[in-house]
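Please read the report below with the sequence and the structure side by side.

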Amino acid sequence: MRHLILMLVLVTSTFISAQPKSNSDVKDGSVSGRVIDAQLNQPLPYVNIVIKDLNNSIITGGITNDDGTFTIKNIPEGKVIVSIQFVGFETINKEVIIGSGNYKIDIGEVKLYEASTGLDEVTVVADVSSIQQRVDRKVITIGKDLQTAGATASEIMNNLPSVSVDQQTGSISLRGNQNVRVMVDGKLSNIPADQLLKQIPSTSIKSIELITNPSAKYNPEGMSGIINIVLHKNTQIGFNGNINFGLAYEIEPKFNSSIDANYRNGKFNFYGSYGNNIRKSAHEGEITRTEQEIEQNFNILSNNKSHLFKVGIDYYLDDKNTISVFTNQNLFNGRTNVNTQINYLNNISLNQAQTMAGNSENDSQQYNFNYKHNFNDEGHNIELEVDYNTYDGFGDSDNIFFSSQRPNFREDTDTDRSSTTINLDYVNPLSETAKLELGLEARLFDTSIYYESDRRERNEIGEYIPTTTQFDYMRDIYSAYATYGRKLDKWSYQFGVRAETVAVESDAFKKDLASNDELFIPFKNDYFELYPSAFITYSPSEKNSYNFSYSRRIDRPGVGQVNPLPNWSTPLVSEFGNQELRPQFTNSIEANYTRQLEKGSITGGVFYRIIEDEIQQAMLIDRTDTNRLIFTNLNFDNSTAYGVELSSNYRPTKWWSINGSFDLYSQTQKSIAESFDTNQEIVLNTVEVDNVAWSTRIFNNFKVSKSLSLSAFGMYRSKSKNIQFDSKDMLMVNLGLRYSFMEGRASFSLSYNDIFDTMYAEFTSERPYAQLGRFNWESQQVSGQLSYRFGGGKYRAKSRKQRDNDVKEGGGLF
């Protein structure tokens, strides 16, 4: 849209300037000035400057230079409107008079503020993604280039600085740590994060925010911070919408589609959306225990289908009061087949083969109510939000063994989960340079997991017996926060604190169906904590900006980490939770520097974390079968982590743009691992691993024409270590193209990922057995995406809601 407006401006300007003029009637004038980002105090390049007459007809126009300056010439004498327009910022209109002895108007410095909603945000998508360092977060605006890079949120996450996604498990990490919270439009979901990321089409994403040091206003969960996915929204007058289709293939087909639409008329805005993701995925791998001469081969095929629905209404009572309600409905079902072959090279009579066929179904519902009241002063408001989530999941698996003494068995797991969140937020701009924010929150969470297996445990004489277990977990959190911020010339600061009281209660119930013996294991943990935060920014000039931040955070154990029921099992490995696992706390310090260049910008930063009561995985030997391992989680002593990050946007030419990043992190991990001594006795070892790893990414976008653009992406991830494995390095190169047609309403994108077939996981390990392994997935896939925009509203409705500038916005797919 921005390029379309600019093209219209330039064409109109050329047409007008070509008309014959009478020197006696018209004298040429000019308007000049400089545009800057009001929050960052930095120049804004490529801002549209439109000169219009009093009837809003375009006369001429242009764009700002790299330093934010502009000069528009050939303006006829008289009163004109200078309209300054930039996507995502509020439009500023200034009336000036050309004439009366003043034909060269300098309007000086113009500050643009972020808009609560952008100009037709569903349809305005930049050609090139951008990275912007703000006071408390890094914002990656998703352009058409990154939309080409992958069909879902999970696939484009690996293109972002400091973020990585395990393509086998779908787990996401930030700065090398998986203790990260994933949010959509500022809200947590009961849908597992790996499942959620694969359900969001890349075309639905407006931006992704990496909030590595959140302020006291936000929930303190997540040691490495928050990843917030901001979706496009559509609140135009009239009927508008988008439809998308995507298909990917290497070994198995993957299909996704989505449609969203809204109708705005008068005081009401009705909107809805539907999205699906239907995909088969193939994985294969092998693990060899070199000293024991045992080979394990895995072939995994999953077939998953998900459907998401959203319906909502906004009711604008008047200019000061808005009520909004919406509901999300998610339906998921999947089937996974795992074929495992275990070969004992020194004794083939022990060979095992296992086939596991598992089914899983889950339904998730979200119901949200929001009321916002604006006071007379700009930015002065109070907002109430109530959010209720439910999750109902069922899974079963049939485990069949061949050529083994181990009997076949079946497992069933039933999960019920609910959460309620109530927020009350108050914002008061005490002056033009100061702001106070206050809030109260209640979060109520409970879950019940029922597990049954017909042949799972052994009795005292070694016979397999059926078992039934149940795990109930409840966690209630009540909190209050306060933040105060102020701007002083070139300095700005914000200080805050959040207070929380937490009550945790769980009960594990286990029943031996053979003997009818029952065992109850209760656990309670109540605690009170304070979470302070501080942000300081110094901008000595428009080209330089420094910021420093501190926050205290918590990583509460997940349900899977505290659930004593088995999470998963293979013939040689099982994982169980630890009911008495305590939370870990993190004190995080960051410093960042941003430099504006002539054709782009560069941001560098460092961070340091102190981790208390660190949670790490422990590896134990199964006493009932010493060839088997048991994974669980334990609390360990304090540890530290630090890192360096560098990111840049650069445009060498008008047709070539580059986004690049480099990050390095180091962390010391402590754990315990059991092993055998020379007498084949089990001994307990304290393990300490120093891990230093780095990665680099570069994204090139080449604009061939107004309709066609090409992209090339490269990523390298160095070797890394953790308690379990030493992972080898990874390399990936992707190519893509995008073509728009039908006057920009439709577009087609095509991508070819991992063109050199170098993206796979390869690892070695010494604990508790010497082993090496490799896993492959469908990394070398071809993807196509077709998008079409329909409708034609001309006026933008005001924001449905905005809890915090750009984190607590609703709308889009969810």
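In which strand is N74 found? In this predicted model, N74 is found in strand β5, which covers residues 69–75. The phi angle of N74 is near 60 degrees, a positive value in a residue other than glycine. Most residues other than glycine have a negative phi.

E293 lies in the loop between β18 and β19, and at 36% relative accessibility E293 counts as partly exposed.

**Buried residues in strands**

N262 belongs to strand β17, made of residues 253–265. Is N262 buried or exposed? N262 has a relative accessible area of 2%, and is therefore buried, since the limit for a buried residue is under 20%. The side chain of N262 is joined to the side chain of N269 by a polar contact of 2.9 Å.

S419 lies in strand β23, which runs over residues 409–428, and with 14% relative accessibility S419 counts as buried. Although S419 and N389 are 30 residues apart in sequence, their C-alpha atoms are 5.2 Å apart in space.

S695, in strand β37, is buried as well, at 5% relative accessibility. Which residues does S695 touch, leaving aside those up to four places away in sequence? They are S661, F662, D663, Y716 and R717.

**Aromatic rings and charges**

A pair of aromatic rings is described by the distance of the centres and the angle of the planes. The count of aromatic pairs in the model comes to 22. One of them joins Y274 and F309, whose ring centres are 5.0 Å apart and whose planes meet at 40 degrees, so the pair is tilted. Why does this pair tie together parts that are 35 residues apart in sequence? The reason is that Y274 lies in strand β18 (residues 268–289), whereas F309 lies in strand β19 (residues 294–316).

The pair of W656 and F702 is stacked, with 5.9 Å from centre to centre and 20 degrees between the planes. Because W656 lies in strand β36 (residues 656–676) and F702 in strand β37 (residues 682–703), the pair ties together parts that are 46 residues apart in sequence. The table gives the accessibility of the residues in these two pairs.

| Residue | Relative accessibility | Class |
|---|---|---|
| Y274 | 24% | partly exposed |
| F309 | 36% | partly exposed |
| W656 | 27% | partly exposed |
| F702 | 26% | partly exposed |

Ring pairs also link F298, F725, F763 and F775 into a cluster. Charged side chains meet rings too: the charged end of R417 sits over the ring of Y391, at 4.7 Å from its centre, and R774 lies over the face of Y760, at 3.6 Å from the ring centre.

**The whole protein**

How many helices and strands does the secondary structure of the protein come to? There are 5 helices and 45 strands. Of the 814 residues in the protein, 53% are buried. When contacts between residues at least 6 apart in sequence are considered, 66% of them join residues at least 24 apart. The protein exposes about 35300 Å², and carbon and sulfur atoms supply 55% of this area.

**Confidence in the model**

The average pLDDT of the protein is 80, and 82% of the residues score at least 70. Over residues 1–26, however, the pLDDT is below 50, and this stretch has 31 contacts in the model beyond near neighbours in sequence. The pLDDT also stays under 50 over residues 793–814, for which the model has 108 contacts beyond four places in sequence. Where pLDDT is low, the predicted coordinates should not be read in detail.

Notes
Residues numbered from 1 in each chain as written. Heavy atoms only, no water. Helix = DSSP H or I, 4+ residues; strand = E, 2+ residues; numbered from the N terminus. Buried < 20%, exposed > 50% of the residue type's maximum accessible area, 1.4 Å probe, protein only. Polar contact = N/O pair within 3.5 Å; in protein donor to acceptor, adjacent residues only side chain to side chain. Contact = heavy atoms within 4.5 Å. Areas by Shrake-Rupley, 256 points an atom, 1.4 Å probe, with all protein chains shown as cover. pLDDT = per-residue confidence, 0-100. Phe/Tyr/Trp six-rings, centres within 6.5 Å; stacked < 30°, edge-to-face > 60°. Lys NZ or Arg CZ within 6 Å of the ring centre and 35° of its normal.
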